[in-house]
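Okay, thanks everyone, let me get the model up on the screen. I'll keep this short.

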Amino acid sequence: MCFLTSPIQVLDLQLEIENLVAEYDGQNITLRDICLAPLAPYNNNCTILSILNYFQNSHAVLDHSIGDDFFVYADYHSHFLYCVSAPASLNDTTLLHDPCLGTFGGPVFPWLALGGYDETNYNNATALVITFPLNNYLNDSVKMGQALAWEKQFIRFMKNFSNPNLTVAFSAERSVEDEIDRESNSDISTIVISYAIMFIYISLALGHIHSFRRLLVDSKISLGIAGILIVLSSVSSSLGIFSYAGIPLTLIVIEVIPFLVLAVGVDNIFIIVQTYQRDERMPQEELHQQIGRILGDIAPSMFLSSFSETVAFFLGALSIMPAVRTFSLFAGLAVLIDFLLQISCFVSFLGLDAKRQEGNRLDICCCVKLPERQEVKTEGLLFRFFKKVYSPFILKEWVRPIIVAVFVGILSFSIAVVNKVEIGLDQKLSMPDVSF
């Protein structure tokens, strides 16, 4: 779409686009090789839906005028006013007697090529639209490749185009697909960085470090790696199972589910590990018996939580929207597999790590063993904060009504804001930096 300031400059742009040459498989591809030419082979001119077709896409016709030294009787403006009312005319009624029919043999209707006008006052249009229809070679991979190559050259040309008198927006059929691919590739680094940060956080937070001397003994680097791998395994398993079943992947599945399952998986990892760290082993109780007892206490709650999440996602698969249905299926299965791996595989890793720690062996380098020394078991800083500071404060009689009042106020404000939100998908919000 070009905001019209000078028809000559717009025609120059249109002609430059028509003359673009792309390369595909060692061949030069032009617009004529892939465009829609409805009267071919008798008329090989490409269909171009533009008001400049009223002037046969020619500077000579655009500059054609009738007049004398004092007054112009007919020019491009009078021809334009006639053509918008009779776009299929072969001879206008002005003194110019120029045709309005496009060079491709068909009319260009003004409501397809103009914008920013009111009713039928096309003369007040503030923008024009130039459309280059291309043939759809769905069953011809060579022709499809040629069309894609030309569109790529078109996008490259438009990105580099600059004219201080024109404000230009452009789009090609491949633009959305290109942007999705670009966004997907750019988000790979985001996913990797987020998993790396979460891995570092898990390794530091799970480690119940009592002294600097035992830093590499009490750390949980290997256990953090195991937890991250379990999350990735659950996501991969879900993708593989449904892909094998013929359910196609979507962008929202690939980019959202890894973060979703990571959040759910990390919660369960902390519950398992920190419950074990705070538990005291009973007399005559072995390590595997202690872990079994702990798992018996927390596994039912973990199961109910994961089961509820799984059911909620699978219920979302009842939606008639394909993207929502696909996302719900993949997410539900991923959460279920993640829970199963955590109460089986991760618990085994926890037992091995606990044996390593009790044997004073270093994390990662488990072959290295520190000398035996009695260590005093202390509570973590976060645990002490919630136990001795946060919980007593929030349970005071004068604090509880304030919390309820603040919650109700925030809820009311949120509902008021949501009621003013317009439902829809803004392309600029979904893809802020696009090629079209």
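I'll go through the overall fold, then the cores, then the disulfides.

A word on ground rules: this is a predicted model, so local features need pLDDT of at least 70 and side-chain atom pairs count only at pLDDT 80 or more, while totals for chains, interfaces and linings use all residues. Residues are numbered from 1 along each chain as its sequence is written, and side-chain values use heavy atoms, with hydrogens and water left out.

So, the chain has 15 helices and 7 strands; those are DSSP runs numbered from the N terminus, helices being H or I with at least four residues and strands E with at least two. Of the 436 residues, 37% are buried, and buried here means under 20% relative accessible area, with exposed over 50% and partly exposed in between, using a 1.4 Å probe and protein chains only. If you take contacts (heavy atoms within 4.5 Å) between residues at least 6 apart in sequence, 65% of them join residues at least 24 apart.

Now the inside. The largest nonpolar core has 43 residues; by that I mean buried Ala, Val, Leu, Ile, Met, Phe, Trp, Tyr and Cys residues joined through side-chain atoms within 4.5 Å. Ile17, Tyr54, Phe80, Leu114, Trp150 and Phe154 have the most contacts inside that core. Helix 1 (7–18), helix 2 (31–34), helix 4 and helix 6 (141–160) each give it two or more residues, and helix 6 has the largest share, with 7. There's also a second, separate core of 41 residues, including Leu223 and Ile294.

Have a look at Leu114. Leaving out residues up to four places away in sequence, Leu114 touches Phe80, Tyr122 and Leu128, among others. Phe80 sits in helix 4 (76–83), where Ser78, His79, Tyr82 and Cys83 are buried as well. The buried residues of that helix pack against strand 5 (72–74) and strand 6 (114–115).

Which brings me to the cysteines. How many disulfides does the structure hold? There are 2, where a disulfide is a pair of cysteine sulfur atoms within 2.5 Å. Cys83 is joined to Cys100, S to S 2.0 Å. Cys83 lies in helix 4 and Cys100 in the loop between helix 4 and helix 5 (110–113), so the pair ties together parts 17 residues apart in sequence. The other link is Cys35 to Cys46, also S to S 2.0 Å, and it's left-handed, at -75 degrees about the S-S bond.
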